[in-house]
Structure formats: structure tokens, C-alpha cells
Amino acid sequence: MRIAVFPGSFDPITKGHEDIVRRALPLFDKIIVAMGINSNKSYYFSESDRVEFLRAAFSDEPKVEIDTFKKLTVDYCKEKNATFILRGLRNSNDFNYEVAIAMLNRDIGDGLETTFLLTSPEYSYYSSSVVRELLRGGGDVSIFLPTPVATLFKENKK
Ligand code: ADP
């Protein structure tokens, strides 16, 4: 089994995240979209909302599992028998941030490899922080969200 973990805050998930996971599906037998829980960080959406959005986004995809984790990413991957981390790259800022972490995780994670997929150009400026900024200003965020998540927002459930 080739298992990858896609770790992130997903506050909230965007079409950019969804696109990375769906494009990576042919590479792996299973992808675990794992929401990191960090008690030192403050989030816009609650833990349960963020998980609900992730579940809604991938409810059609049996190879995708949704989970949360608190420990070090390398320890979580070991527990899940995952030998790959999946991450997305939008620009050189993402790259610079990711390099040291990927090298560290390979060292302390017994060869745990990080696989990077480049963003699709149409989503290259999508980010959770843009969505949060628009929401604070009362803007429409539906184009940024996976369709089932946008539906939850439209029905005013969120
Ligand atoms: P983190 O808090 O760990 O940065 P995020 O939830 O912001 O978590 O993102 C998780 C991963 O998704 C990161 O690898 C990030 O670069 C990637 N990502 C976010 N938005 C996009 C996008 N629009 N296109 C491609 N990758 C993206």
C-alpha cells in the first residue's frame, strides 16, 4: 500500500487543496487528509467545521480518508504506515518554507519522502487566508471552495 498524508490547517479547505489531492490520487493507494491540531494556534473555523468541510469535499472519493492529528507529522505518518507526505507548491515562498521541513522529515522520519505537486494555474492565488479575509469583510467566497462546501455556505449552514 502506498499511503500519503496531506497535512494542513485547512482553515478552510479551498479548491487549491482539493485539486492537489485529486491530482495526486493516481500516485497513491490511499491519501489521508490530516488536519493538524495545534493548541498554540488560533483558527477562524472550529475543529468540527474544518473536518466537516473536508468530509464534504471528498465524500465521493473512497481513496481519501479524513483525520486529525496532534503529534509530530513524522510520528503520525508512522502510526498510519504512510511513507509519503503530500504538499502543494504555489510559488517560491511555499518552496522556501517547505524545503527545510521536507529535509528534516526525511531525516527524523526514517526516509519519509515529501512529494510536491505544483498548483494548477487557475488556483495559484487561492489560499485559506484570502478566504478568511473575504469572510471577515462579508464577501462571497464560493468560487474558492470545493462545490459541496460552497453549498453548505449557501444554505447558510456556516
Ligand atoms: P499549512 O498551515 O500547513 O500551510 P494549509 O492548509 O495552508 O496548511 O496548506 C496545506 C498544503 O496545501 C500546503 O502544502 C500548501 O502549500 C498547499 N496549498 C494551499 N493552497 C494551495 C493552492 N491554491 N494550490 C496548491 N497548493 C496549495
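Predicted model: local features only at pLDDT ≥ 70, side-chain atom pairs only at ≥ 80, totals over all residues.
Local features require pLDDT of at least 70 and side-chain atom pairs count only at pLDDT 80 or more, while totals for chains, interfaces and linings use all residues. Residues are numbered from 1 along each chain as its sequence is written, and side-chain values use heavy atoms, with hydrogens and water left out.

**Helix α4**

- Helix α4 covers residues 92-108; helices (H or I, at least four residues) and strands (E, at least two) are DSSP runs, numbered from the N terminus.
- The end C-alpha atoms of α4 are 25 Å apart, which agrees with the 24 Å that its 17 residues should span at 1.5 Å a residue; the expected span is 1.5 Å times one less than the number of residues.
- At Glu-98, α4 bends by about 30°, the bend being the angle between axes fitted to the seven residues ending there and the seven starting there.
- Asp-94, Glu-98, Ala-102 and Asn-105 of α4 are buried (under 20% relative accessible area, with exposed over 50% and partly exposed in between; 1.4 Å probe, protein chains only).
- An α-helix has 3.6 residues a turn, so residues three or four places apart point the same way.
- The buried residues of α4 pack against α3 (73-79), β4 (84-89) and β5 (113-118).
- Asn-91 caps the N-terminal end of α4, with a side-chain oxygen 3.1 Å from the backbone nitrogen of Asn-93.
- Asp-110, which follows α4, has a positive phi near 55°.

**Ligand site**

- The ligand is surrounded by 17 residues, and the closest are Ser-9, Gly-88, Thr-119, Tyr-123 and Tyr-126; a residue is near a molecule if one of its heavy atoms lies within 4 Å of it.
- A backbone N or O atom of Gly-88 lies 2.7 Å from a ligand oxygen atom.
- A polar side-chain atom of Arg-90 lies 3.2 Å from a ligand nitrogen atom.
- A side-chain N or O atom of Asp-94 is 3.4 Å from a ligand oxygen atom.
- Taken alone, the ligand exposes 560 Å², of which the protein buries 86% (Shrake-Rupley method, 1.4 Å probe).

- Ser-127 lies in the loop between β5 and α5 (128-136) and is buried, with a relative accessible area of 13%.
- A polar side-chain atom of Ser-127 lies 3.1 Å from the backbone nitrogen of Val-130.
- Not counting residues up to four places away in sequence, Ser-127 touches Thr-14 and Arg-90 (heavy atoms within 4.5 Å).
- Val-131 lies in helix α5 and counts as buried at 0% relative accessibility.
- Leaving aside neighbours within four places in sequence, Val-131 is in contact with Pro-12, Thr-14, Val-141, Phe-144 and Leu-145.

Note on methods:
Polar contact = N/O pair within 3.5 Å; in protein donor to acceptor, adjacent residues only side chain to side chain.
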